[in-house]
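Me: I would like to go through this structure slowly, asking at each step what a term rests on. Please set each value against its cut-off before you conclude anything.

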Amino acid sequence: MRTPYYIGLEEARNVLAEIGIELNERQIKRAAQPDAYGRRKLPFFIDPIDRKLKIERGALVDIYRKAQIDAENNCKDW
């Protein structure tokens, strides 16, 4: 089991850039904002100590890897 490593918004942008997903600051902030039902597009949470949005680094990468696998599995000509 891996040790959780929590990162903020800017670090999340950098992690995604490392795997080829370039998001601007506005896009990453929108993914972290709750919708009308209180759900976020990505599992960011408010850190109880410093009151900033955080996400677990491994979870972020896993979400994008799963999305890629799902896209490949749903492609007819792949």
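Me: What makes up the chain in terms of helices and strands, and in which pattern do they follow one another?
Reply: In this predicted model, the chain holds 3 helices and 3 strands, and read along the sequence they follow the pattern β-α-α-β-β-α.

Me: How are the strands arranged, and what makes β1 and β2 edge strands?
Reply: The 3 strands form an open sheet in the order β1-β3-β2, with antiparallel pairing. β1 (6-7) and β2 (45-46) are called edge strands on the ground that each pairs on one side only.

Me: Which residues of helix α2 are buried, and why can they be said to line one face?
Reply: In α2 (residues 25-32), the buried residues are Ile28, Ala31 and Ala32. Seen down the axis of the helix, these buried residues fall within an arc of 100 degrees, so they line one face of α2. They pack against α1 (9-18) and β3 (53-56).

Me: What caps the N-terminal end of α2?
Reply: The cap is asparagine 24, which has a side-chain oxygen 3.1 Å from the backbone nitrogen of arginine 26.

Me: Why is the contact of glutamate 56 with arginine 2 called a salt bridge?
Reply: The term asks for a side-chain nitrogen of Lys or Arg within 4 Å of a carboxyl oxygen of Asp or Glu; for glutamate 56 and arginine 2 the distance from N to O is 3.6 Å, so the pair qualifies. The two residues link distant parts of the chain, with glutamate 56 in strand β3 and arginine 2 in the segment before β1, 54 residues apart. Arg2 and Glu56 also belong, together with Asp62, to a network of salt bridges.

Me: What makes aspartate 47 and lysine 54 a salt bridge, and why are both called buried?
Reply: Their closest N and O atoms are 4.0 Å apart, and the limit is within 4 Å, so this pair is counted as a salt bridge. Aspartate 47 has a relative accessibility of 16% and lysine 54 one of 17%; buried means under 20%, so both residues carry that label.

Me: How do you know that lysine 66 is exposed, and which residue does it pair with?
Reply: Exposed means over 50%, and lysine 66 has a relative accessible area of 51%, so the label applies. Lysine 66 forms a salt bridge with aspartate 70, their closest N and O atoms being 2.9 Å apart. Both lie in helix α3, 4 residues apart, about one turn of the helix, and aspartate 70 is partly exposed at 32%.

Definitions and conventions
Residues are numbered from 1 along each chain as its sequence is written. This is a predicted model: local features need pLDDT of at least 70, side-chain atom pairs count only at pLDDT 80 or more; totals for chains, interfaces and linings use all residues. Side-chain values use heavy atoms; hydrogens and water are left out. Buried means under 20% relative accessible area, exposed over 50%, partly exposed in between (1.4 Å probe, protein chains only). The arc is that of the directions from the helix axis to the C-beta atoms. Contact means heavy atoms within 4.5 Å. A polar contact is a pair of N or O atoms within 3.5 Å; within protein, one must be able to donate a hydrogen and the other to accept it, and residues adjacent in sequence count only if both atoms are side-chain atoms. Two strands pair if DSSP finds at least two bridges between them.
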